[in-house]
Amino acid sequence: MTSVGAPALVIDASVALSWLLEEDDDFALRVLDAAGRSLALAPTLWMFEVRNGILIARRRGRIDEVGLRRRVVDVDRLGVTIDDGADL
């Protein structure tokens, strides 16, 4: 539990990419639901992994340039707290 009493949930980059790329992934959707009731945490590297995944999706034609820009902004709106602690 966090200091404010809500459970902490460490968010993996692949799960965040499923949300951002609107994939039909049951596990990612369950994590998204749980993240709404928890403190969502991620290690420092997470931001780089997620943005790289968005760029790869653009290069593979899964999203267009506008979609890339929107998703880069959406990363910040996910509400994931970056924690550089070694225990994540």
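Is E22 buried or exposed? E22 is exposed, with a relative accessible area of 57%; exposed means over 50%, buried under 20%, and partly exposed in between, using a 1.4 Å probe and protein chains only. The model behind this value is predicted: local features need pLDDT of at least 70, side-chain atom pairs count only at pLDDT 80 or more, and totals for chains, interfaces and linings use all residues. Residues are numbered from 1 along each chain as its sequence is written, and side-chain values use heavy atoms, with hydrogens and water left out.

Now the chain as a whole. Its secondary structure comes to four helices and three strands, where helices (H or I, at least four residues) and strands (E, at least two) are DSSP runs numbered from the N terminus. Along the sequence these elements follow the pattern β-α-α-β-α-α-β. Of the 88 residues, 33% are buried. Among contacts with a separation of 6 or more, 74% are between residues 24 or more positions apart; a contact means heavy atoms within 4.5 Å.

The strands come next. They form an open sheet in the order β1-β2-β3, with parallel pairing; two strands pair if DSSP finds at least two bridges between them. β1 (8-10) and β3 (81-82) stand at the edges with a single partner strand each, so one side of each has no neighbour in the sheet. Three bridges join β1 and β2 in the parallel sense, and A8 stands opposite L39 in β2. Strand β2 (residues 39-42) is joined to β3 by two bridges, also parallel. Here L41 stands opposite T81 in β3.

The helices pack against one another. Helix α1 (residues 13-20) and helix α3 (residues 45-59) have axes that come within 9 Å and cross at roughly 40°. Axes are lines fitted to C-alpha atoms, for helices over the stretch in contact, and angles run from 0 to 180 degrees between N-to-C directions. The angle makes α1 oblique to α3: under 35 degrees counts as roughly parallel, over 145 as roughly antiparallel, 65 to 115 as roughly perpendicular, and the rest as oblique. A13, A16, L17 and L20 of α1 make the contact with W46, E49, V50, G53 and I54 of α3. By class there are seven nonpolar, one polar and one charged residues. Ala, Val, Leu, Ile, Met, Phe, Trp, Tyr, Cys and Pro count as nonpolar, Asp, Glu, Lys and Arg as charged, and the others, Gly among them, as polar.

α3 also packs with helix α4 (residues 65-77), at an angle of about 165° and with the axes 9 Å apart. That makes α3 roughly antiparallel to α4, and the crossing is right-handed. In α3, W46, M47, V50, R51, I54, L55 and R58 meet E65, L68, R71, V72, V75 and D76 of α4. These residues divide into eight nonpolar, no polar and five charged.

Finally, back to the loop between α1 and α2, where E22 is found. Most residues other than glycine have a negative phi. E22 has a positive value, near 55°. D25 is in the loop between α1 and α2 (26-35) and is partly exposed, with a relative accessible area of 28%. D25 and V15 are ten residues apart in sequence and 8.7 Å apart in space, C-alpha to C-alpha.

Methods. A crossing is left-handed if the near helix is turned anticlockwise from the far one by less than a right angle, and right-handed if clockwise.
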